[in-house]
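Dear colleague,

Please find below the structure that I am handing over to you. The notes after it set out what was found.

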2 protein chains.
Amino acid sequence: MRLDAAAVRRPNASDASPALTNVKAERVRAVAALGRRSARERRGLFVAEGPQAVREAVACRPGDVREIFADSDGQGRHHEILRAARDAGIAVRATSGEVLAAMCSTTTPQGLLAVCRRVDVPLDSILAGTPRLLVVLTSVRDPGNAGTVIRGADAAGADAVIIGSASVDLYNPKVVRSAVGSHFHLPIAVRVDIPALLTRLGELSIATYATDGSGPRTVYEVDLSAPHAWVMGNEAWGMPESVLSACDEVVGVPLYGRAESLNLAMAATVCLFASARALHGPRAG
Amino acid sequence: MRLDAAAVRRPNASDASPALTNVKAERVRAVAALGRRSARERRGLFVAEGPQAVREAVACRPGDVREIFADSDGQGRHHEILRAARDAGIAVRATSGEVLAAMCSTTTPQGLLAVCRRVDVPLDSILAGTPRLLVVLTSVRDPGNAGTVIRGADAAGADAVIIGSASVDLYNPKVVRSAVGSHFHLPIAVRVDIPALLTRLGELSIATYATDGSGPRTVYEVDLSAPHAWVMGNEAWGMPESVLSACDEVVGVPLYGRAESLNLAMAATVCLFASARALHGPRAG
């Protein structure tokens, strides 16, 4: 769709052509269908909703943005994003608010969505880049937690995120929303076999630290200045014993007060920022 | 209700008396009404939903638990919590699953809820305790974020949480759920006038650090071993200029990668754990 001849000849076509207003139109239903994993996998596409995610998609991965849909609210409030999209040759299609809502999984798409090609990369390309800080998600089922951890990995300057086959889909709309554009910022591998990964990380001398409340040493007692991977599991059930025992060490986040635990995203934030500080110092850049 | 004579004489009364099954019963509607702030304030009560929050209420503030309701699932799975409640003289009332759901604001109360007296304390009692680590929430509107910050403050061993008058209600069911029992763990003051508070903290030589992306120094460059308060604002709008300028310093969380920001709960987690490490060292206790 993005590179159809009309769009290339007339980058402002959307402004001239009538807005999509029929919620039952085939192309509206085709976008809405991307709320389902099966449709995403068959078509190799996913939806980024809201101005922040769309802006990052356009800025960082314009070649992977197939089409943008904007209602009058989105067109009125997000001129710069839409101009950048058109400058990059991305088709922008006007819709009614009702059509945009019908395409979305969120209740508040804030006027914009982008249909994107999947952005995950092969594990080999990540490991070939001599990474110093990796995040491994194994059996993470909650999409909000997964997306927030991806956002935190991005903020902490992690080299990549690696997601195991038992975890939530990277392109689940709630994961995309919680990650607020980070899908387009750092390499992410999916459907990775975790036991095989842990073996390979060992061969590459990348230390593997499983986060768990029961670790004998805390995140502040481990040397984080050498290459390492944080291995995070499901909040409620923890990690399978086989994964825990395959990691070099189980590392805890100290709980100084009376709270019994942290949620996964908070524990990940503590670990990732301890790593960032050790690797990069007290300031970014 | 809790101390009625029958309950005192027969701590297992609930097991003998018939389960509450009428969703339209006055006492069911009275609990459900606590989902509304006006009813909570008029009656001085709130609802803690789910086994973790109920367990912490019973363990830490048994005198403030008015009554516990449990459906057959909750009775079957949470013997220990219910035994502790009865041992503390708290009335436990059996309900149908339908009644428990009608009382709750969450979709999954997991079998248990407690009606509790409000637990906030006067600001003066917090400041009289020579606190070393405080969290101040000003204009925080998102209940999930507020609850998660309270949980994080608890985990980091903060001495108290202070909530300004423009923030979400401490007893909003989503705040209580996200805090997972921390309401019962550390002192919390509410409806506090923030400008007056900042003046008082200055008089007490407690440094006030506003968290904001734009701070000249980062959280890792400030001396956190002396008494201080983290002042956190609304994620989307930041803090009012008047609050920012009244704090001793605006302190940033360094963003090492390409993410544009952290959400409030993540930023709070980074700041609080940096404080905990500086105040308490790399291990808890």
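In what follows, contact means heavy atoms within 4.5 Å. On that basis, residues 24 or more positions apart account for 79% of the contacts in chain A with a separation of 6 or more.

Please note that this is a predicted model, in which local features need pLDDT of at least 70, side-chain atom pairs count only at pLDDT 80 or more, and totals for chains, interfaces and linings use all residues. Residues are numbered from 1 along each chain as its sequence is written, chains are lettered from A and ligands numbered from 1 in the order in which they are written, and side-chain values use heavy atoms, with hydrogens and water left out.

Chain A

Chain A holds 14 helices and eleven strands; helices (H or I, at least four residues) and strands (E, at least two) are DSSP runs, numbered from the N terminus. The C-alpha trace of chain A spans about 65 × 35 × 35 Å along its principal axes.

Of the 285 residues in chain A, 58% are buried, where buried means under 20% relative accessible area, exposed over 50%, and partly exposed in between (1.4 Å probe, protein chains only). In helix 5 (residues 51-60) of chain A, the buried residues include Pro51(A), Val54(A) and Val58(A). The buried residues of this helix pack against strand 1 (45-49), strand 2 (65-70), helix 7 (79-87) and strand 4 (112-117) of chain A.

The interface

Between the two chains, 41 residues of chain B are in contact with 41 residues of chain A. The area buried there is about 3600 Å², of which carbon and sulfur atoms give 56%; buried area is the accessible area (1.4 Å probe) that two parts lose on being put together, summed over both.

Four salt bridges cross the interface of chain B and chain A, a salt bridge being a side-chain nitrogen of Lys or Arg within 4 Å of a carboxyl oxygen of Asp or Glu. In one of them, Glu221(B) pairs with Arg283(A), with the closest N and O atoms 2.6 Å apart. Glu221(A) likewise forms a salt bridge with Arg283(B), its closest N and O atoms being 2.6 Å apart. Glu221(A) lies in the loop between strand 9 and strand 10 of chain A and Arg283(B) in the segment after helix 14 of chain B, so this pair joins two chains. Glu221(A) is partly exposed at 26% relative accessible area, and Arg283(B) is partly exposed at 40%.

Thr218(A), in strand 9 (residues 217-218) of chain A, is buried at 6% relative accessible area. Beyond its neighbours within four places in sequence, Thr218(A) has contacts that include Val251(A), Pro282(B) and Arg283(B).

Salt bridges within chain B

Arg40(B) and Asp169(B) meet in a salt bridge (2.7 Å, N to O). Arg40(B) lies in helix 4 (residues 37-43) of chain B and Asp169(B) in the loop between strand 6 (160-164) and helix 11 (173-179) of chain B, so the pair ties together parts that are 129 residues apart in sequence. Arg40(B) is buried at 4% relative accessibility, as is Asp169(B) at 9%.

Yours sincerely
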